Structures are given as structure tokens and as C-alpha cells.
Amino acid sequence: MRLVIEPNYADLSRWAGNYVAARINEAKPTPEKPFVLGCPTGSSPLGMYRRLIELYNEGKVSFENVVTFNMDEYVGIPRDHEQSYHTFMWTNFFNHINIKPENVNILNGNAEDLEAECRRFEEKIESYGGIDLFMGGVGPDGHIAFNEPGSSLTSRTRIKTLTQDTIIANSRFFENNVDLVPKTALTVGVGTVMAARSVMLMVNGHNKARALRHGVEGGISQMWTISALQMHPKSIIVCDEAACAELQVQTYRYFKDIESSNLDPDSQLA
Ligand code: GLP
């Protein structure tokens, strides 16, 4: 696992955006062999999406041959609800880049048969030969996508009941009213994320410090689904200083040391 520690959220977002663009460019995607990108929602990736839009506007990256799969979607709110992940993705990212609408894949939380919808999603990922880079955030309780504490580490796309913690955390987007937050969601599984060829999580802010500690220093546990990343051969967590508050000094120094000799993705985007 790589742990990239940036001073603050702005630098973290810039690093993450540059990294994603560099990976897309490196792959030289074509219509026959597109770059397959796993996408998260939430506040953590917003700065990274802004950076990617900037790079697109500067002509430094193109999404023409990029296919996306979103991590999750609420069940039971209309697709065009202002808090649906569908709306989030188009408002904050897709509307501002040259992605083809037919290359965007977001779970349908209003499908008649939700289980069939989850199976269809996994099959579609498979039809592209898997995901090249799965991006993600993390919940304060360590969940990735909506894989709440207790989720199987081999899980695949399915329906999940949200924990009270997540409902409270996400109520900030629903007029601070927990009753308005959907109680279930469709989500890729920990196993779906782990099957990607590479994974990059963005972790910022003091309220994620505990999740980061469990992800980096804790044992692998279904109670902190972020910890599954320890088993991935090519995972990166990019975090800010605030999120490091609970790391041991030796852990912090070790990763800082390693990264001081690594290439900044900025330099790959000339
Ligand atoms: C939700 C999403 C997760 C996201 C988490 C953290 O639960 N399903 O994918 O990582 O929120 O959100 P934020 O980045 O806003 O802290």
C-alpha cells in the first residue's frame, strides 16, 4: 500500500486528480480498449473531480475513451433527486467533461428487481475486463462505498442497509433530517473494489483519522472495510495531514520517507 500524505485538502485533490489523469493517459485508451474508472460520490472526491475538469479544459486529459462505474446509489429516491448519486455525478463531473453518456454506469436504485440490477452491474464490469482504477472515499466508520462495518470482505454488488452512523453522517445532505435519508442503498462490494487492478482512496479531515488508522495500522477486519486494501497489490491512500492525527509517528515517517523519492504525478502531465 502507498500512503501519500499531502499538507491539506487542496493539495490532496490536486495530487489525486493528476494521478488519475496520468493513469488514463498512460493507458492510451481506445474505443476498443477503454480505460475503466470506478467513481465515488461524497465530499472527499469533489476537489479531485474539479482538478480533473481543469485538466480536461487545459487539454491534458480526455475522457472520450473512458468508461465509468459508480460505487453506489441510494434506493428509492428518484434518479433526478438533488441528492441522488446520479445527480451528484452529472452535476459535479460528467457535465463538464467529454465522457459519452453511454459510457456512464450508475446503479439504478429504482429498478424493479434490485438483485437483478446488482447482477447486471457486475456482469457489465466483467464485460469490460474489469476496472482499471477504482477511486473511493471512506466513511468515518471506515466504510468504503456503502460497505458498512460487518460487510463481508468478499462481497459483491448488492443491497445494503445503512447503519445509523451513516444515516446521521449523510443527513447533512438531507436538511439535517435523518428521516429523509434513504435507509438502503445498492453498493459494489468490498470484493468488487478489490478486484480492480488498482485502487485509490481519498481520506481527508480529522473526522477520518480513526478510519485511516484502522485502514493502515489495524488488522484486516470486516468491521473496518477500508482495511481490506491491505490485501490489494496496488492500492494508494492519499490523505491530508489532519487525517493522520491517529497514526503512529513511525508509520507517518515511514510513508513520508518512501514518498519523498516517488515521482509527483504533476510532472507526468506536461
Ligand atoms: C457515503 C458514500 C461513500 C463515501 C462516504 C464518505 O457513505 N457512500 O462512498 O466515501 O459517504 O463521504 P464524505 O466523502 O462526504 O465524507
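**Exercise 1.** In this predicted model, Thr 41 has a relative accessibility of 12%. Does that make Thr 41 buried or exposed?

*Solution.* Start with the cut-off: buried means under 20% relative accessible area. Thr 41 comes in at 12%, so it counts as buried. Now look for its partners. Skipping residues up to four places away in sequence, Thr 41 touches Asn 70, Asp 72, Tyr 85, Phe 88 and Met 89.

**Exercise 2.** Find out what lines the largest pocket, and which element gives the most to that lining.

*Solution.* First, the space itself: the largest pocket has a volume of about 570 Å³. Then go to its centre, where you'll meet Thr 41 again: Thr 41, Gly 42, Ser 43, Asn 170 and Arg 172 lie nearest, out of 30 lining residues. Sort the lining by type and you get 13 nonpolar, 13 polar and 4 charged. Finally, check the elements. Strand S4 (72-74), helix H3 (85-92) and helix H5 (164-170) each supply at least two lining residues, and H5 gives the most, with 3.

**Exercise 3.** Which residues have the most contacts inside the largest nonpolar core?

*Solution.* This core has 39 residues, and the ones to pick out are Leu 3, Phe 134, Leu 212, Ile 237 and Cys 239. Several elements give two or more residues to it, including strand S1 (2-6), helix H4 (114-127) and strand S10 (235-240). H4 gives the most, with 4 residues. Now zoom in on Cys 239: leaving aside neighbours within four places in sequence, its contacts include Leu 3, Leu 12, Val 203 and Leu 212.

How values were computed. Residues are numbered from 1 along each chain as its sequence is written. This is a predicted model: local features need pLDDT of at least 70, side-chain atom pairs count only at pLDDT 80 or more; totals for chains, interfaces and linings use all residues. Side-chain values use heavy atoms; hydrogens and water are left out. A nonpolar core is a set of buried Ala, Val, Leu, Ile, Met, Phe, Trp, Tyr and Cys residues joined through side-chain atoms within 4.5 Å. Buried means under 20% relative accessible area, exposed over 50%, partly exposed in between (1.4 Å probe, protein chains only). Contact means heavy atoms within 4.5 Å. On a 1 Å grid over the protein atoms alone, a cavity is a set of points where a 1.4 Å probe fits but cannot get out, and a pocket is an open set with protein on both sides within 12 Å along at least five of seven lines; lining residues have an atom within 4 Å of a point. Grid points are joined across faces, edges and corners, and a volume is the space filled by probe spheres set on the points. Ala, Val, Leu, Ile, Met, Phe, Trp, Tyr, Cys and Pro count as nonpolar, Asp, Glu, Lys and Arg as charged, and the others, Gly among them, as polar.
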